[in-house]
Protein chains: 2
Amino acid sequence: MSKEITSRAQDYSQWYNDLVIKGELADYSAVRGCMVIKPYGFALWENMRDVLDKMFKDTGHVNAYFPLFVPKSLFEAEEKNAEGFAKECAVVTHYRLKTDPDNKGKLIVDPEAKLEEELVVRPTSEAIIWNTYKTWIQSYRDLPILVNQWANVVRWEMRTRLFLRTAEFLWQEGHTAHATKEEALEESEKMLHVYADFVENYMALPVIKGVKTASERFAGAEDTYCIEALMQDGKALQAGTSHFLGQNFAKAFEVKFSDKENKLDYVWATSWGVSTRLIGALIMAHSDDEGLILPPKIAPLQVVIVPIYKGIEQKASIDKKVNDIITALKAKNIRVKYDDTENSRPGWKFAEYEKKGVPVRLAIGARDLENNVIEVARRDTKEKGSYSLDNITETIENLLTEIHQNMFKKAMTFRDEHITKVDTWDEFVKTLDEKTGFISAHWDGTAETEDKIKELTKATIRCIPLNNIQESGNCVLTGNPSTQRVLFARAY
Amino acid sequence: MSKEITSRAQDYSQWYNDLVIKGELADYSAVRGCMVIKPYGFALWENMRDVLDKMFKDTGHVNAYFPLFVPKSLFEAEEKNAEGFAKECAVVTHYRLKTDPDNKGKLIVDPEAKLEEELVVRPTSEAIIWNTYKTWIQSYRDLPILVNQWANVVRWEMRTRLFLRTAEFLWQEGHTAHATKEEALEESEKMLHVYADFVENYMALPVIKGVKTASERFAGAEDTYCIEALMQDGKALQAGTSHFLGQNFAKAFEVKFSDKENKLDYVWATSWGVSTRLIGALIMAHSDDEGLILPPKIAPLQVVIVPIYKGIEQKASIDKKVNDIITALKAKNIRVKYDDTENSRPGWKFAEYEKKGVPVRLAIGARDLENNVIEVARRDTKEKGSYSLDNITETIENLLTEIHQNMFKKAMTFRDEHITKVDTWDEFVKTLDEKTGFISAHWDGTAETEDKIKELTKATIRCIPLNNIQESGNCVLTGNPSTQRVLFARAY
């Protein structure tokens, strides 16, 4: 089966698409740039969502739901935000179809059902939400507002990739309102740490926390914090962002509150989001030429059991044992499946679950049963071994933990080996082309230099790491004085 | 506080709006017909969703996600379905805004960014899903497909009501594919029973299971099963529907499978859904003039505790005891909140939680502490009593169960008292106007009579109950022979 997956060396981009489609995570749809998230992929997203949702609630947030549509007049209220998203938004202009008078059975847009004001399908919800917060906030007693929304959003991207960049995607967007600048800043940093915690401890993917340069900021933000991960092809991927929005949206929507001294002031804001794009990140960071390798903590299936037998008698005794194993594993909340379907052979099943990235595969035959053992194969290292059935639950629990740690360590080692300190332009270009990965280099702090570097190499400043070391040096392009290194990379 | 809620007698419709808005479940938005679901209302929906989601998974279904947009050519493929929804769909015609050349700072639709084919914002997903299933289904081995989706949908309703009828709403839509007619029929009935189970056993709302007449069917269905509930004003509310779609969508989208004998046939389909409308139903069925009365099993908060004290010393000893109670209640998965905010008095809090429908309110003061008791007030009957602190957890657990049962019984009694057998047209009209509720009457089985009755009285046939008694009689309007009574009502 693995033959059908293009290897990374052959065509990295095709390898990625093969994994998504043949691993049954998602598929193309009839709608340009939109994907269908298949049950296996959606189960992965559900697990990610449930963990994140709990983290949000544990940090005091609640969920709510705001309209899909943003009236144009609200959309354009915060100028920078509007400018940033205007070029890629789907616009509803009519509210009715009617039968085509020239061609019964076909429908056309009813010209008489034109909206007085066009509706933008939300590319992000700051505008509609801040227009709502206006009615929720009068006094400091109404603050903070710590609200999150799980939703679909639409950005009309010209070049789309499954999960990584789709016209419609699923995400969560936190939108908080605060009485002070300090509190809003603290919130935006806090949520960045929540994201990093999630991506590292559940997706087994190390990230660098940092802050974006002005040109890479979210449209309408004063500061954008981000977590950046490294993919196996040496390109970076922004895995989550948290924005300190200052008073920009409060001013655009006239959201003021009276403080304890009864003084009126604009409210301070943050927003933060991660999306189904994270699935693209974990595929590209961990998987291999045989298929997906999914992090155990969020894998839809953590363990699959395949029986190997001849005849119904052998099958019956294997079934009996397997049922005990499943009961024990489920009692430990381990997601397990017994694949005893008749219409495919064990070898085919092995390849199938390898392709789908199930962390642990168990195989058991009549001989194993006699010897009170079971074959345990781990997906990440492909190691196989025979283990006693007596403490199989403990063996598997430990193995799942070990797989997570190993995946994280492997990705961390790769990432660390691909952060290169560079001091000359020649080295910069050479490293970018040959070694790839992050380049740590001095930059003179101007948008012009940043643009020029992007133009010359397609590399962007991914972030200025948090708690960055201050050291004097010279900009890698202009030679102008610099006070710190920043991280460059080509990125998804 | 209760003064601010309009009474049912005064203005039922305003009473309902007051509950939704002042109970902080939802609010109007800047988008015509769309609402904002506030955190308290969304927590209620989350609880409902989680229970339903588990029921779906326990009956073998998995979740997936399909695009928000339906290209017009797919939308119109199943003719009846298209006809049914064409009049109320939001249509995306452009994918970009640009700066208004005559008015910088304003945006206009970019005429150069017109879509080649318009996209309909899904009012329901049969079209996009069956166009996808075409690629998933080749053989009987690919069947059944048992997929559910949690999503937002848009139907451009002219008259909207919070929760009951909004332009955008949240729902789940199950879409299943089967090899045989029998299996599809079985599925659509099974899901109707799942819905009835949920509405009765979690929402405490009795329902009548039935089948719709041809004119009340879902557009594109061969049969529509429904559950019908009765509101306090005597109007019926359709709380969920499950459709047997026959081979209509399979034919429209050319979805065939080869059976065990290698014969090609069209696939059989069902779809089924419930929505945020259910929240409207539970508000109208249970609540009173003081505010919401929420069913304990899905209430965002099941218990609220209010301290009554003078000075910080009393407060400290109450806090200590309350912490123990909360720990014990949480260990039983009871959702509890301790409201010890300083800025409002106990009486204000009592009214507030009454308005928000929290099933159980506890109040505890210094004297109670001395006597080892606590005041327990239930929202449904407004009974209050003093209970020993020794077995307070058990007391509350039992009380929550009792409240559910009492709410169900009360709604059931009301419903049963409002099903009236009627044999003459005069009685029909009189009952509808004076007693309201369901009318069980003979109908001659024709769409003409059904239409005429609707025109004359605004009453529709809500359903032909499942396992309906067959008895000969005469149509209440025309006097023509009839074989069974059906249920009429005015409805939301």
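**View 1. Lys235(A) over the face of Tyr492(A).** In this predicted model, Lys235(A) lies over the face of Tyr492(A), at 4.4 Å from the ring centre, where a charge counts as sitting over a ring if NZ of Lys or CZ of Arg is within 6 Å of the ring centre and within 35 degrees of the ring normal. The charged end of Arg361(A) likewise sits over a ring, that of Phe350(A), 3.7 Å from its centre.

**View 2. The aromatic pair of Phe56(B) and Tyr195(B).** The whole structure holds 34 aromatic pairs over all chains; rings of Phe, Tyr and Trp (its six-membered ring) pair if their centres lie within 6.5 Å, with planes under 30 degrees apart counted as stacked, over 60 as edge-to-face and the rest as tilted. The ring centres of Phe56(B) and Tyr195(B) are 6.4 Å apart and their planes stand at 75 degrees, so this pair is edge-to-face. Phe56(B) is buried, with a relative accessible area of 1%, and Tyr195(B) is buried at 0% (buried: under 20% relative accessible area, 1.4 Å probe, protein chains only; exposed: over 50%; partly exposed: in between).

**View 3. The aromatic pair of Phe428(B) and Phe488(B).** This pair is edge-to-face, with 5.1 Å from centre to centre and 80 degrees between the planes. Phe428(B) is buried, with a relative accessible area of 0%, and Phe488(B) is buried, also with 0%.

**Notes.** Residues are numbered from 1 along each chain as its sequence is written, and chains are lettered from A and ligands numbered from 1 in the order in which they are written. Local features need pLDDT of at least 70 and side-chain atom pairs count only at pLDDT 80 or more, while totals for chains, interfaces and linings use all residues; side-chain values use heavy atoms, with hydrogens and water left out.
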